[in-house]
Every structure is written in C-alpha cells, then in structure tokens.
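Please examine the structure below together with the explanation that follows.

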Amino acid sequence: MTWTMRVDWPSCAARGLCAELLPERIHLDEWGFPVVEGTVTPDLLGLAKAAATACPHRALRLVSAG
Amino acid sequence: MSGAVLASVTSFPGAGAGAPVAPSAPAATVRRSLSARSVPRTVRTDPPAQVVATPGPVLLSGVLDGPSLEAHRDRFGQLPQLDLDTVLATVGAGAVVGRGGAGFPFARKLAAAATGRRRAVVVINLAEGEPASAKDTALALVAPHQILDGAEVVARALRTTEVHIVTPLERPAVGDAIAAALSERAAQPGRRDRSQPRWRMRAAEPGFVSGQARAVLELLAGRPGLPVTAWKPEAMSGLDGRPTLLSNAETWAQVAAVLRMGALGYAAHGTDTEPGTTLLTLPHRRDADTAVVLEAAYGTPWVDVLGPDVEQPVLLGGFHGTWADAGVLAEATVSREELRARGLGLGAGVVLPMRADQCPVAVTSEIVDYLAKASARRCGPCLNGLPALAEEMRLVALGETSASWTRIGELVGLVDKRGACAHPDGTARLVRSLLTTFDDEVALHLRGGCSR
Ligand code: SF4
Ligand code: SF4
C-alpha cells in the first residue's frame with residue numbers, strides 16, 4: 001500500500017508546520033500553501049502522520065495513493 | 001412555460017440558422033467599458049438569452065412535438081421497468097459516459113452506488129454554470145421527460161424513491177420547464193404506487209462553479225452551495241454520506257435513450273466504438289445572445305456541424321477546454337477518442353469557433369480573467385494563483401515583453417490539481433492548450449507582436 005498527503009484546500013490557512021515537519025515531501029509555494037511531492041514511502045510514514053496530526057486546521061491527510 | 005416553447009427547424013449544420021425555441025433567461029449582456037490597457041472583450045460570459053434546439057437523431061428527435069408528456073409517450077412509449085442487472089448491462093454496452101465534462105462511465109458509477117450498504121440517492125444536475133453551455137437548458141425546455149425518464153428508471157432499479165433535481169437560478173426557464181413536466185407526471189392516472197420517485201427541486205445560485213458535483217451536494221445538504229474536498233467518490237459517499245448517483249441532464253437523457261432502445265438500437269447511431277450521440281452547444285452565427293444546441297451522432301464530420309467555420313481555430317469544451325488549431329477539425333469527426341488522440345477534448349460539448357480576426361491569445365486571456373473572478377475564493381492556490389495567471393495572460397495578450405513563458409508555466413503548475421474542485425485544473429488545461437496549439441502566436445506576443 002502506498003500513501004500520499006492530500007490537502008483539504010478550503011481549510012488550509014497557509015504558512016504552517018507541515019513543510020517543517022515533512023520537508024522531504026512538502027514545501028511552501030510563493031503564497032505559503034503546501035506543495036506535496038510524490039508518495040509517502042514507508043520510512044516517512046511516521047513523519048507524515050505527525051505532520052497530519054500537527055496541522056492546526058486538520059487540513060492535511062494521509063491517504064492511500066492507489 | 002411550456003406554452004412559450006416554439007419549435008424550430010434548422011437543417012443540420014444548424015449553427016447559422018433557425019428561430020429561437022425558448023427564452024432561457026432575460027437578456028442581460030453587460031458590456032464593460034474598456035480601459036486603455038485592458039484586452040477588448042469578445043467572449044460572452046453571461047448565459048445565453050435564447051436557446052435554439054435543432055431536431056436530432058435521438059434526444060432531440062421530438063423537438064417538433066413540443067415538450068408535453070403526451071407527445072413524449074406517443075413518440076417514445078411507456079417507461080420501461082428494468083431490474084438493476086439489466087440497467088447495468090445495457091448502459092455498459094451502450095458505453096454511456098457522463099456528459100458533464102469528466103466523461104466517466106455511467107455504469108461504473110451506478111455499480112458503485114448500487115453496492116453501498118445504505119439506500120442510494122439520485123440527483124439530476126441541471127445547473128449549467130458554464131455560460132457558453134446550453135445543452136441541459138435545451139433538454140429541459142424541449143425534452144424534459146427524457147431526463148426524468150432516465151432518472152426514474154434508474155431510481156426504480158436502485159429501489160430508491162429519493163430523486164433531487166437541481167436547476168440554475170440564473171436560467172429560471174429551466175426550473176419552470178421541469179416543474180411543468182413534474183406536474184404532468186403527477187397527474188398521470190395509475191401512477192400513485194409507492195415506488196414512484198418523490199421528486200425534489202432545488203435552485204443553485206449563479207456561478208461558474210455552483211454546478212460542480214460537490215457544490216450541488218452541499219446545497220442539497222442545506223449548506224452553502226460551494227465545492228468542498230471530496231475524500232471519496234460521491235457514488236460511494238455523497239449526500240449525507242449516502243451512495244449518490246449524480247449526473248447532468250444530458251447523461252440522464254442518454255441513459256433513458258439506451259434503456260428504451262436497447263444497446264443494439266442505440267448503437268444504430270454513432271460508430272462501432274462510440275455508440276450513440278452527443279449534444280453540442282455552439283454560438284449562433286448572427287445573434288450573440290443566442291446559443292444553438294444540436295445533437296450529433298458520434299462519427300459525424302465536424303464540417304457538417306461547423307460548416308465553413310471548420311477552417312477556423314475552435315475552442316472545444318468551453319472555458320475549461322482545449323484549442324483546436326485552424327483546419328484541424330476539417331477532416332475529423334465528432335469523436336471523443338479521436339479528439340483525445342490529438343490531445344483535445346469535448347468536455348461538456350461547448351464548441352466555440354473563432355472568427356478569422358479573433359486572436360486566440362486575447363480570447364484565452366479574457367477567459368482566464370473571467371475564470372479567476374469565478375473562483376469560489378476558498379482554496380489558497382486557486383484564490384492566489386488564478387488572478388496571478390490572469391494578470392500574466394493579460395500582459396501576454398497586450399504584447400508586453402515583461403511577460404514570460406516560464407512564469408506562465410510556473411503559475412499553471414501551481415494551480416493545477418490544487419483546489420477542492422477542478423476549476424483550477426480546467427483553467428490550467430486551457431492555458432496549456434494555448435501554449436501547445438498556438439506556440440508561435442504566443443511567442444510572437446512575447447516579442448510584442450500579434451498576427452491578427
Ligand atoms: S499545516 Fe495545515 S493549514 Fe498549515 S499550511 Fe500545512 S496543511 Fe495548510
Ligand atoms: S478550487 Fe477554486 S473554485 Fe474550486 S472550490 Fe477551491 S477556490 Fe473554489
């Protein structure tokens with residue numbers, strides 16, 4: 001099973017923690033919104049879960065990439 | 001309302017001639033005053049004031065009979081009673097795909113909705129948000145019972161009675177026509193059985209994205225009718241988390257047609273790989289306030305649809321569509337497969353041929369500007385990215401050399417697939433298509449020129 005991060009865009013308020021917690025997969029665009037790259041590999045699963053939990057707006061989810 | 005419907009005949013190709021069938025909305029063309037540095041407006045961004053429907057092979061075969069239930073039953077017969085397996089097999093064999101733009105196979109949605117543990121909900125979406133589109137409007141006005149038949153047969157097969165109908169508030173004639181059709185059905189003798197659908201109508205607020213599937217479901221759930229993030233397909237989890245079979249009016253009418261005619265009868269129209277027909281909306285050649293809706297069997301040469309306009313550049317699929325270069329359609333036929341092979345798409349069937357003096361770069365800029373303003377302004381990348389893209393495209397259209405190809409590409413990448421709905425994706429598709437089809441013309445603009 002492969003995973004990826006999905007953003008609930010209407011809830012996302014930008015400039016958040018997610019890019020700091022998962023820089024391997026998330027960086028911020030020029031307006032501060034997360035750009036998600038690629039799938040979450042097993043070695044990153046823990047960090048990805050932490051990033052999703054840390055999002056103050058519950059806007060970030062770990063979902064199946066299938 | 002139905003009394004106001006005047007049938008009209010135009011020969012196919014019909015984009016040029018014909019009398020109005022019915023007014024679809026009060027004429028409300030607002031022409032903006034042009035500032036010195038804005039791109040002149042040539043694209044209509046209001047719904048058409050009038051719609052002309054021309055008789056066609058299947059869905060529009062009864063245009064001249066008028067929209068009444070009696071005429072409908074005389075021509076098409078009684079509603080078939082079919083079980084779920086028969087419905088699934090027939091729509092599958094008829095290869096009916098959704099006509100709202102995404103082109104998803106209807107049978108797969110139906111199968112998913114049927115396997116849910118909770119009872120399914122059926123939704124007819126008539127909220128055509130795209131101003132250039134009028135096919136669902138035309139169907140409501142001239143053939144409402146085809147739409148209702150499709151939803152009713154499928155609702156019965158799913159053993160549900162809950163059918164919602166969403167109409168566009170800015171095209172009040174649609175709601176009127178559907179209401180009239182429903183009261184005709186309610187007055188039918190012997191139709192009081194408990195399995196009869198309980199139709200519920202709702203009007204969607206004006207707006208390009210208010211007809212989007214999730215926006216419609218939000219409206220039905222009693223919340224503001226704006227798109228929200230879909231974590232699962234609506235056929236699995238839609239209205240109140242129930243399996244929801246939401247399709248636009250044309251899809252329901254196509255479903256009714258294939259179920260009535262059988263897959264073989266339906267396949268008498270179209271080609272071996274693409275059975276049946278599709279509705280197209282074109283601008284009227286002489287009257288900018290009028291849209292022409294016609295029905296083309298798959299495999300019909302584009303020249304039969306467009307006439308001499310087939311030699312012009314054509315925007316296919318409307319504001320979220322793709323550009324066909326001048327002459328590309330001259331030898332081609334109406335076929336989703338053929339278009340896909342050329343990197344083009346039919347979307348919801350809007351076909352906008354350009355005039356010889358129209359610059360595709362300027363037209364694209366105008367449309368992107370409109371689309372940026374049509375954003376529901378809830379998702380960061382769409383809210384920030386579309387206006388930035390519109391501004392860059394405005395500079396390109398004006399031949400400002402400060403605009404750059406790199407920046408356009410960057411902005412397109414930053415909006416694509418980064419919203420709750422596909423509005424930014426559609427905008428990205430339009431701009432990418434301009435860059436691909438009219439690369440020379442864009443390059444010329446970036447050097448300060450324009451060939452037209
Ligand atoms: S932490 Fe959450 S709200 Fe903040 S930018 Fe990331 S996804 Fe958006
Ligand atoms: S992607 Fe744009 S149009 Fe769609 S919901 Fe988000 S802000 Fe609105």
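A residue is taken to be near a molecule or strand if one of its heavy atoms lies within 4 Å of it. By this criterion the residues around ligand 1 are C12(A), A13(A), A14(A), G16(A), L17(A), C18(A), P34(A), C55(A), P56(A) and H57(A). The model is predicted, so that local features need pLDDT of at least 70 and side-chain atom pairs pLDDT 80 or more, whereas totals for chains, interfaces and linings use all residues; side-chain values use heavy atoms, without hydrogens and water. Residues are numbered from 1 along each chain as its sequence is written, while chains are lettered from A and ligands numbered from 1 in the order in which they are written.

The shell around ligand 1 comprises eight nonpolar, two polar and no charged residues. Here Ala, Val, Leu, Ile, Met, Phe, Trp, Tyr, Cys and Pro count as nonpolar, Asp, Glu, Lys and Arg as charged, and the others, Gly among them, as polar. Around ligand 2 there are 13 residues, of which A376(B), R378(B), C379(B), C382(B) and C421(B) come nearest. This second shell divides into eight nonpolar, three polar and two charged residues.

In chain B, four strands form an open sheet with parallel pairing, in the order β5-β4-β3-β6. Strands (E, at least two residues) and helices (H or I, at least four) are DSSP runs, numbered from the N terminus; two strands pair if DSSP finds at least two bridges between them. Because β5 (198–204) and β6 (244–248) of chain B each have a single partner strand, they stand at the edges, and one side of each is left without a neighbour in the sheet. Neighbouring strands are turned against each other by 20° on average, direction ignored. Axes are lines fitted to C-alpha atoms, for helices over the stretch in contact (heavy atoms within 4.5 Å), and angles run from 0 to 180 degrees between N-to-C directions.

Strand β4 (residues 162–168) of chain B pairs with β5(B) in the parallel sense over seven bridges, and V166(B) stands opposite R202(B) in β5(B). Helix α5 (residues 144–157) of chain B lies across β3 (121–125), β4, β5 and β6 of chain B, at about 165° to β3(B).

A further open sheet of chain B has three strands in the order β10-β9-β11, with antiparallel pairing. Its edge strands, β10 (322–324) and β11 (351–353) of chain B, each pair on one side only.
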